[in-house]
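Student: Hey, I've just opened this one and I'm a bit lost. Can you walk me through it?

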Amino acid sequence: MDNREKAVQVFEEFCKVLDSRGWHYNRNDENLKIDLEIRGDDLTMDIYANVDENMQRIYMLSHLPFAFSEDKRLDGAIATSVVNYNLVDGSFDYNMKNGRTVFRMTNSFKGCEVGPELFNYLIDCMLYTVDEYNEKFFMVSVGALSLDDFIAKYGE
């Protein structure tokens, strides 16, 4: 099986998992991309997934729906670092220039057989992590939670 065939197979399996959950999503079969929106406990989570045929990996991104203002950007970088230190899978990527945060998860499927368990894990882990921290990051970004209190509550 060549890289494209394998990637299409993985993409179709991912879509089957989303269908089994009854979720509505946009799929781009040519580019093997998926976009969906899920309402969390606090904020809406936009999820973007791509099956990369060249790298033989799937990656998922969730952009947080706010940005840290210029005067809170250092707080955002520190808060992101505090959370990332304790994460088992995935990471929050933080852009100091624009104050935006995105959660990223990746998994290689090169030389592997993948099934619904992998996609369920990736989805559940992403949703849990983003839902767990998006409101906390937001509270730091608007000054409702001080960086010191954030570190005391969510640091090691």
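Student: Okay, which residues does Thr80 touch, not counting residues up to four places away in sequence?
Tutor: Thr80 touches Phe92, Tyr94 and Phe137, where contact means heavy atoms within 4.5 Å. Keep in mind that this is a predicted model: local features need pLDDT of at least 70, side-chain atom pairs count only at pLDDT 80 or more, and totals for chains, interfaces and linings use all residues. Residues are numbered from 1 along each chain as its sequence is written, and side-chain values use heavy atoms, with hydrogens and water left out.

Student: Where does Thr80 lie?
Tutor: In helix α2, residues 73-86; helices are DSSP runs (H or I, at least four residues) and strands are too (E, at least two), numbered from the N terminus.

Student: And is Thr80 buried or exposed?
Tutor: Thr80 counts as buried, because its relative accessibility is 4%. Buried means under 20% relative accessible area, exposed over 50%, and partly exposed in between (1.4 Å probe, protein chains only).

Student: What about Ile151, how does that one count?
Tutor: Ile151 is partly exposed, because its relative accessible area is 34%. Ile151 lies in helix α4, residues 147-154.

Student: Switching to the sheet: in what order do the strands come?
Tutor: Six strands form an open sheet, in the order β1-β2-β3-β4-β6-β5, with antiparallel pairing. Two strands pair if DSSP finds at least two bridges between them.

Student: Which are the edge strands?
Tutor: β1 (26-28) and β5 (91-94), each pairing on one side only.

Student: How many bridges join β2 to β3?
Tutor: Seven, between β2 (residues 33-39) and β3 (residues 44-52). Ile34, for one, has Ala49 in β3 as its bridge partner.
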